[in-house]
Amino acid sequence: MQVILALQKESQSSMLELLQCIFVSKNLKKKYNITDERAALYEAVETWVDALNGREFLGGSKPNLADLAVFGGIETHPLFEVW
């Protein structure tokens, strides 16, 4: 019985997190006036590539926080191969 209650509580928690993510994404799209997510992603990546200006990392010879943030975003997307 305790296992069932624990699974039910975990399921409710997951649903709440899902709803929060949807709410946040819709608010961010509205805040930044994004109508086409794919185009906005490509534009952001192009801006980052332009900022590299031939360097390996934005931090120079070592990655900085901006590099890690881009890596994290790309790594979580299933269609991008980082390694």
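This note comments on selected residues of a predicted model.

1. The salt bridge. By the rule applied, the count comes to 1 salt bridge. The side chains of glutamate 37 and lysine 29 meet in a salt bridge, with a distance of 2.4 Å from N to O. Side chains of opposite charge can pair when their charged atoms come close.

2. The exposure of the two partners. Glutamate 37 counts as partly exposed because its relative accessibility is 43%. Lysine 29 also counts as partly exposed, here at 27% relative accessibility.

3. The charge of aspartate 67. Aspartate 67 belongs to helix H3, which covers residues 65–75. This residue is buried and yet has no salt bridge. Arginine 55 holds the nearest side chain of opposite charge, and it is 7.7 Å away. A salt bridge requires the nitrogen and the oxygen to be within 4 Å.

4. The surroundings of aspartate 67. Which backbone atom lies 3.0 Å from a polar atom of the side chain of aspartate 67? It is the backbone nitrogen of leucine 58. When neighbours within four places in sequence are left aside, aspartate 67 is in contact with Trp48, Leu52, Phe57, Leu58, Gly59 and Lys62.

Key
Residues are numbered from 1 along each chain as its sequence is written. This is a predicted model: local features need pLDDT of at least 70, side-chain atom pairs count only at pLDDT 80 or more; totals for chains, interfaces and linings use all residues. Side-chain values use heavy atoms; hydrogens and water are left out. Helices (H or I, at least four residues) and strands (E, at least two) are DSSP runs, numbered from the N terminus. Buried means under 20% relative accessible area, exposed over 50%, partly exposed in between (1.4 Å probe, protein chains only). Lys and Arg count as positive and Asp and Glu as negative; His and the chain ends are not counted. A polar contact is a pair of N or O atoms within 3.5 Å; within protein, one must be able to donate a hydrogen and the other to accept it, and residues adjacent in sequence count only if both atoms are side-chain atoms. Contact means heavy atoms within 4.5 Å.
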